[in-house]
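Here are some notes for a colleague who is opening this structure for the first time. Please keep the sequence and the view at hand while reading.

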Amino acid sequence: VKLASDGSLAAGFEPGGGFNGSVQALTWLAAEDALYVGGAFSRYQTSIVANRIAKLDSTGAMAAGFSATGFNSTVFALDYDADNDLIWAGGAFTSFRGVTQGRMAAMGRDGSRVAAFNTPVGFNSDVRAISSSYWGVVAGGLGSSYEGDISGFLARLHVNASMD
């Protein structure tokens, strides 16, 4: 459902049959009028591959040029990082686009993997919340360690995957 600024139902947003699994995370990119969706799904509108990640345009269609090759398990958190022009994703996954990622990943607006954010170990359990700012990204959840170091269920990370 898409709502207009006055709270009424917005016309023109038609997600069709929607997803074949639950939606867990949303983040909006106003510059593109696009909605990034994460969750426990593998298809959108019955036949479109969307491995736990999708990018919808303002009509509800899968955005052109977006690669939804995606994740091997649920995405619980998404956030757009305007300073680095990337999307952060956190969840239960251990790989993104076929590369080991320890429950946290960074992707370009087109769904590509940001190679600089390489987390072969990552968090030892699910990432459930993400918030980014000019000084990095903060991730929290069920994991008490990141890359083998104690994180106390909350860690501030940088685009190069280092932790403060």
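Predicted model: local features only at pLDDT ≥ 70, side-chain atom pairs only at ≥ 80, totals over all residues.

1. Which strands run antiparallel to strand 7 and are joined to it by bridges? One is strand 6, residues 75-81, which is joined to strand 7 by 6 bridges in an antiparallel arrangement, and here Ala77 has Gly90 of strand 7 as its bridge partner. The other is strand 10, residues 104-107, which also runs antiparallel to strand 7 and is joined to it by 4 bridges; in this case Trp88 has Ala106 of strand 10 as its bridge partner.

2. Is Gly91 buried or exposed? This residue lies in strand 7, and its relative accessible area is 0%, which falls under the 20% cut-off, so Gly91 counts as buried. Leaving aside neighbours within four places in sequence, Gly91 is in contact with Thr74, Val75, Phe76, Arg103, Asp126 and Val127. Gly91 and Ala129 are 38 residues apart in sequence, yet their C-alpha atoms are 8.5 Å apart in space.

3. A further element to locate is an open sheet of 3 strands in the order 11-12-15, in which the pairing is antiparallel. Strand 11 (127-133) and strand 15 (154-157) stand at the edges with a single partner strand each, so one side of each has no neighbour in the sheet. On average, neighbouring strands of this sheet are turned by 20 degrees against each other, with direction ignored. Strand 11 pairs with strand 12, residues 136-141, over 6 bridges in the antiparallel sense, and Ser131 stands opposite Val138 in strand 12.

4. Thr119 is placed in the loop between strand 10 and strand 11, and this residue is buried, with a relative accessible area of 0%. Its side chain makes a polar contact of 3.0 Å with the side chain of Gln101. Apart from neighbours within four places in sequence, the residues in contact with Thr119 include Thr100, Gly102, Met104, Tyr146, Glu147 and Ala161.

5. How many residues does the largest nonpolar core have? There are 25, and those with the most contacts inside this core are Ala50, Ala54, Met62, Phe71 and Leu78. Strand 1 (23-29), strand 2 (34-39), strand 5 (53-56), strand 6, strand 7 and strand 10 each supply at least two residues of this core. Ala54, if residues up to four places away in sequence are not counted, touches Phe19, Leu35, Tyr36, Val37, Phe41, Met62 and Phe66. A second, separate core has 16 residues, among them Ala77, Trp88, Val137 and Ala139.

Notes: Residues numbered from 1 in each chain as written. Heavy atoms only, no water. Pairing = 2+ DSSP bridges. Buried < 20%, exposed > 50% of the residue type's maximum accessible area, 1.4 Å probe, protein only. Contact = heavy atoms within 4.5 Å. Axes fitted to C-alpha atoms, helices over the stretch in contact; angles between N-to-C directions. Polar contact = N/O pair within 3.5 Å; in protein donor to acceptor, adjacent residues only side chain to side chain. Core = buried A, V, L, I, M, F, W, Y, C linked by side-chain atoms within 4.5 Å.
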